[in-house]
Amino acid sequence: MFKSILSFALLMCLITVNGIAQAPEYLTRATALKTMPVAPPEVEGSSYLNEEWVTGNVEIKKNTLLENLPIRYDLENQTLEIKYDGQVKICPLDRIQNFSYLNFGGNQFKYFNTSEVNNIGFDLPKGICRILVDGNATLIKYIYAEKIKSNYNMALAIGDPNHKVVVKETPYAIVNDHVYEVKNSLKRNSEIFGGKSGKIKAYSKENRLNFKDESDLTQIFEYFNSLL
């Protein structure tokens, strides 16, 4: 008896069209929605060096200086956006020599195309950098945007559902026409300092300098240059 009632209920849930039994519209809609792909993850963060427009100067190749213009740099696409005459102009990396601006604290920041500090034997990544120390041992900071993909596990409902963009900096040293990535300890940088490593160690210890701190690292390389 129960099976007969259940069978009748199932039959009542079907609609006949031209003699063919079909599921009601609301069932078809639910099935359709289940088969639709999930929207792609959102992206958190920004690939801009400075999210806000700042007034700066741009030196492009062929010795052309563009002064006092609103600018911002897109690290992901390696382009400098320039506001001019009511429009946003796009200057690609290969046309840039350097650009600079004052931040809201009044400090000047100057960025160079890494090709401008490269030599035929150098191996700097393509992009922009700041020069922290200029000398026989040059210290730069390479700035880039890194994408971190979502690690969300839908089945377990754990992890971060969004992609992220993080602006990062990596220090490099240029010594005797060789490029070295600067590590966060003296021991890991022995190849850079060579025979001066002992003096660098003593100087860093005496002044409590840390390779992870930008101002400390700058001081270390200024001292290193005094030994060369």
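The side chains of Glu-169 and Arg-130 meet in a salt bridge, with 3.5 Å from N to O, a salt bridge being a side-chain nitrogen of Lys or Arg within 4 Å of a carboxyl oxygen of Asp or Glu. This pair links distant parts of the chain, since Glu-169 belongs to strand 12 and Arg-130 to strand 10, 39 residues apart; helices (H or I, at least four residues) and strands (E, at least two) are DSSP runs, numbered from the N terminus. The model is predicted, with local features needing pLDDT of at least 70 and side-chain atom pairs counting only at pLDDT 80 or more, while totals for chains, interfaces and linings use all residues. Residues are numbered from 1 along each chain as its sequence is written, and side-chain values use heavy atoms, with hydrogens and water left out.

**Salt bridges and the strands that carry them**

Glu-169 is partly exposed at a relative accessible area of 40%, whereas Arg-130 counts as buried at 11% relative accessibility; buried means under 20% relative accessible area, exposed over 50%, and partly exposed in between, with a 1.4 Å probe and protein chains only. Arg-130 and Glu-169 also belong, together with Lys-141 and Glu-214, to a network of salt bridges. Within the sheet, Arg-130 stands opposite Lys-141 of strand 11. Strand 10 (residues 128-133) and strand 11 (residues 137-148) pair in the antiparallel sense over 5 bridges, where two strands pair if DSSP finds at least two bridges between them, and a hairpin of 3 residues joins strand 10 to strand 11.

Strand 11 pairs in turn with strand 12 (residues 163-175), again in the antiparallel sense, over 12 bridges. Lys-168 in strand 12 is the bridge partner of Tyr-144, and the side chain of Lys-168 forms a salt bridge with Glu-146, the closest N and O atoms being 3.1 Å apart. Because Glu-146 lies in strand 11 and Lys-168 in strand 12, this pair ties together parts that are 22 residues apart in sequence. Both partners count as partly exposed, Glu-146 at 28% relative accessibility and Lys-168 at 29%.

The structure holds 8 salt bridges, and the table sets out some of them.

| Salt bridge | N to O distance |
|---|---|
| Glu-76 and Lys-147 | 2.8 Å |
| Glu-146 and Lys-168 | 3.1 Å |
| Glu-169 and Arg-130 | 3.5 Å |

In the salt bridge between Glu-76 and Lys-147, the partners are 71 residues apart, with Glu-76 in the loop between strand 5 (64-74) and strand 6 (79-84) and Lys-147 in strand 11. Glu-76 is partly exposed, with a relative accessible area of 42%, while Lys-147 is exposed, with 59%.

**Nonpolar cores**

In soluble globular proteins, nonpolar side chains tend to be buried together. A nonpolar core is taken here as a set of buried Ala, Val, Leu, Ile, Met, Phe, Trp, Tyr and Cys residues joined through side-chain atoms within 4.5 Å. The largest such core has 19 residues, and those with the most contacts inside it are Val-182, Ile-192, Phe-193, Phe-211, Phe-221 and Phe-224. Two or more residues each come from strand 10, strand 11, strand 12, helix 3 (190-193), helix 4 (197-206) and helix 5 (214-227), and helix 5 gives the largest share of this core, 4 residues. Leaving aside neighbours within four places in sequence, Phe-193 is in contact with Leu-186, Ile-200, Phe-211, Ile-220, Phe-221 and Phe-224, contact meaning heavy atoms within 4.5 Å. Apart from this core lies another, of 18 residues, among them Val-54, Val-58, Ile-60 and Leu-75.

Pro-70 lies in strand 5 and counts as partly exposed at 26% relative accessibility. Leaving aside neighbours within four places in sequence, Pro-70 is in contact with Trp-53, Val-54, Thr-55, Glu-81, Ile-82 and Lys-83. The C-alpha atoms of Pro-70 and Val-88 are separated by 9.4 Å, although these residues are 18 residues apart along the chain. Thr-79, found in strand 6, is buried, with a relative accessible area of 14%. Not counting residues up to four places away in sequence, Thr-79 touches Arg-72, Tyr-73, Asp-74, Ile-90, Cys-91 and Pro-92.
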